[in-house]
Amino acid sequence: MATAQNNVAAADKGFVYLPLIAGWLVPGAGHFLLRKWGRGTLVAVSIVGMFALGIAMQGKIYSSAHDVLEMLGLAGDLGNGLLFVLGRMLNLGADQVQVTTADYGKVFIVVSGLLNVISAVDAHNLRTGRKS
Amino acid sequence: MLHPSHFSALVLFALFASIIFGITQRETPRRMLHYGIYCFVLFVGSAIVLSWVMFLIAR
């Protein structure tokens, strides 16, 4: 109860969307801003680990959207925030999915982005006091 | 380059997804842990069941 009141009181101060944006750009950063160290660490390890495994499996990072499926894949990849930008800058992953594991890798990268969005929204809910 | 088997890729996927689901969908650490384990078992269990169903259909 006291924690929820503290969160509501904290929600009255500062830019309320900061944890949401920070959590999207850097996995776990939204929770770190709210001093949820354990949750933030688990989120960061999970998202970065999943993205790194996807890259290690030669998964594809979408760069353009020529059809609906590619558009959905790109939307998922964009959820990774700066990891996506880093991946594109360093030209990580494969251009074409040629082996089965690359297909798994592509899914890992897309899903890590979607899970990162869920985590960022969770940080936002903590910030606004909707969740304790 | 990493070449996991289909099952090990599934277990890794289920592990990371369950951690995030547990953290984001429940409020207390105890309930987060329980929900995370529940999701992990559902991910892996349903994949095993569906694999057997597809195996039997394909025969």
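Quick housekeeping. This is a predicted model, where local features need pLDDT of at least 70, side-chain atom pairs count only at pLDDT 80 or more, and totals for chains, interfaces and linings use all residues. Residues are numbered from 1 along each chain as its sequence is written, while chains are lettered from A and ligands numbered from 1 in the order in which they are written.

Back to A:N91. You'll find it in the loop between α6 (82-89) and α7 (100-128) of chain A. Most residues other than glycine have a negative phi.

Now look at A:Q58, which also isn't a glycine and has a positive phi of about 65°. A:Q58 sits in the loop between α4 (37-56) and α5 (68-78) of chain A. This one counts as buried, because it has 23 C-beta neighbours inside 10 Å.

Okay, the whole chain. Chain A has seven helices and zero strands; helices are DSSP runs of H or I with at least four residues, strands are E runs of at least two, and both are numbered from the N terminus. The C-alpha trace spans about 55 × 25 × 20 Å along its principal axes. And of the 132 residues in chain A, 44% are buried.

Note on methods: Buried ≥ 20, exposed ≤ 12 C-beta atoms within 10 Å, placed from the backbone.
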